[in-house]
Amino acid sequence: MPTKKKPQVTAASRPAAAAAHDRRRELLDTAAEVFAEQGYNATTVRKIADHAGMLAGSLYYHFDSKESMLEEILRTFLDELWGGYDSVLADRLGPRETLEALVTESFREIDRHRAAVAIYQKESKQLVAQERFTFLAESQRKFEKAWLSTLERGVAAHVFRADLDVRLTYRFVRDTVWVAASWYRPGGQHSPEEIARQYLSMVLDGIAVRE
């Protein structure tokens with residue numbers, strides 16, 4: 001029997017594949033903005049298609065449902081977030097430096113995935129009840145552990161105040177940082193790094209040990 005030849009990737013097919021990938025990314029970005037603005041339950045495939053300038057049936061060529069679109073949006077955001085966080089944690093910096101790096105990385109992710117962050121904040125409590133979105137709960141547990149351990153190390157090393165309630169501080173820093181997705185717009189007056197620096201200045205003046 002003749003052997004089956006593997007399909008060849010030609011110079012012509014590479015641009016076509018890249019164009020398809022770019023179009024998929026554009027559609028996900030559009031869907032993320034609609035989900036963030038109108039809410040997941042209120043958003044239909046037709047609404048996403050209207051914002052993308054296409055027929056609803058054409059959208060199904062790229063995605064089988066709005067659920068699969070939302071899952072990809074959130075997984076992409078969290079994968080990139082944890083890529084940055086894991087890199088920070090692997091550097092084994094001091095607790096203050098780790099806190100600074102985590103806050104900075106958080107603002108960079110808001111810059112890259114503002115709509116996804118907004119969706120995560122608004123929808124995650126309801127979504128985790130669905131089997132396909134249980135990864136959100138696991139990410140939340142991992143997120144909490146990373147921040148709490150950093151604050152606990154800071155207290156133990158006398159970098160942060162001994163009377164610090166680390167869980168309350170974690171919630172304060174978490175909410176203060178991520179709520180920025182409600183007003184932040186990429187390309188604005190301040191870069192993510194500058195906003196992080198300003199936030200850190202305000203936070204650390206309140207929890208750092210004073211000389």
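How many helices and how many strands does the protein have?

## Overall make-up

The count comes to nine helices and zero strands. Reading from the N terminus, the order of elements is simply α-α-α-α-α-α-α-α-α. Keep in mind that this is a predicted model.

As for dimensions, a box of roughly 75 × 45 × 40 Å along the principal axes holds the C-alpha atoms of the protein.

## Burial, surface and contacts

Of the 211 residues in the protein, 41% are buried. The protein exposes about 12,600 Å², and 53% of that area is supplied by carbon and sulfur atoms.

Now for contacts along the chain. Take those in the protein with a separation of 6 or more: 71% of them come from residues 24 or more positions apart.

## The α5/α7 pair

When two helices pack, the pair is described by the angle between their axes and the distance between those axes. For helix α5 (residues 95-112) and helix α7 (residues 135-156), the axes come within 8 Å and cross at roughly 150°. Anything over 145 degrees counts as roughly antiparallel, so α5 and α7 are roughly antiparallel to each other. Their crossing is left-handed.

Who does the touching? On the α5 side, the contact is made by P95, T98, L99, L102, V103 and S106. On the α7 side, W147, T150, R153 and G154 take part.

Notes. Residues are numbered from 1 along each chain as its sequence is written. This is a predicted model: local features need pLDDT of at least 70, side-chain atom pairs count only at pLDDT 80 or more; totals for chains, interfaces and linings use all residues. Side-chain values use heavy atoms; hydrogens and water are left out. Axes are lines fitted to C-alpha atoms, for helices over the stretch in contact, and angles run from 0 to 180 degrees between N-to-C directions. Helices (H or I, at least four residues) and strands (E, at least two) are DSSP runs, numbered from the N terminus. Angles under 35 degrees count as roughly parallel, over 145 as roughly antiparallel, 65 to 115 as roughly perpendicular and the rest as oblique. A crossing is left-handed if the near helix is turned anticlockwise from the far one by less than a right angle, and right-handed if clockwise. Contact means heavy atoms within 4.5 Å. Buried means under 20% relative accessible area, exposed over 50%, partly exposed in between (1.4 Å probe, protein chains only). Accessible areas come from the Shrake-Rupley method with a 1.4 Å probe; for residues, only the protein chains shown count as cover.
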